[in-house]
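Hi everyone, thanks for coming. Today I'd like to talk about aromatic rings, so let's bring the model up on the screen.

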Amino acid sequence: MATTVSGLLEKKGPHRLSAWKVRYFSLVDNVLTYAKDEKSEPSGTIVLSENYSVEEVSWRMDPFFYFDIVTPGRTYHLRANKDASRKAWINALTAAKSRSVHELSPLAREIQTLDGEQLQELCM
C-alpha cells in the first residue's frame with residue numbers, strides 16, 4: 001500500500017454553522033483518512049467506492065481553494081491554501097475512483113464490511 005497523496009487541508013464540519021478545522025489527510029488506495037495532525041490516529045475514514053464524486057468549488061471570493069467530496073451519505077467540504085494543492089487532491093481522488101472495487105486494498109474491503117459502530121471503534 002502506497003500513499004497516493006497526503007497533507008494538510010481544512011475541513012468544514014457537517015452542520016451549516018460548523019467551523020473550518022485543519023486536518024491531516026492521507027489517501028491510500030481507495031481509503032481517505034483524516035486526523036488532527038500527522039501523528040494522531042485517524043478521526044475519520046472515507047472509503048471511496050464508485051458512488052462518490054469530487055467537485056471543484058470556485059464561487060468563493062476569498063484566498064482559499066475549495067472542493068467537495070460528495071458521497072451518498074455526506075458531502076465533505078474541503079479547502080486548500082494553494083490551487084496546486086487542490087488540483088493534486090482532485091486528481092488523486094479522481095484516480096482513486098477509476099480503480100475498480102476489485103482493486104480495493106484489503107483495508108478498504110474490511111472497512112466496507114463494518115457497520116457504523118464498528119467503524120467508530122476502528123477510528124478511535
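Quick definition to start: pLDDT is the predictor's confidence in each residue, from 0 to 100. What we have is a predicted model, where local features need pLDDT of at least 70, side-chain atom pairs count only at pLDDT 80 or more, and totals for chains, interfaces and linings use all residues. Residues are numbered from 1 along each chain as its sequence is written, and side-chain values use heavy atoms, leaving out hydrogens and water.

The protein averages a pLDDT of 83, and 76% of the residues score at least 70.

Okay, how many aromatic pairs does the structure hold? Three. Rings of Phe, Tyr and Trp (its six-membered ring) pair if their centres lie within 6.5 Å; planes under 30 degrees apart are stacked, over 60 edge-to-face, and the rest tilted.

Take Trp20 and Tyr66: the ring centres are 5.5 Å apart and the planes sit at 65°, so that's edge-to-face. Trp20 is in strand β2 (residues 20-28) and Tyr66 in strand β6 (residues 65-70), so to speak distant parts of the chain, 46 residues apart. Strands here are DSSP runs of E, at least two residues, and helices are runs of H or I, at least four, numbered from the N terminus.

Next, Phe25 and Trp89, with centres 6.2 Å apart and planes at 75°, so edge-to-face again. This pair links strand β2 to helix α1 (residues 83-98), 64 residues apart. Both Phe25 and Trp89 are buried, meaning under 20% relative accessible area, with exposed over 50% and partly exposed in between (1.4 Å probe, protein chains only). Phe25, Tyr34 and Trp89 form one aromatic cluster.
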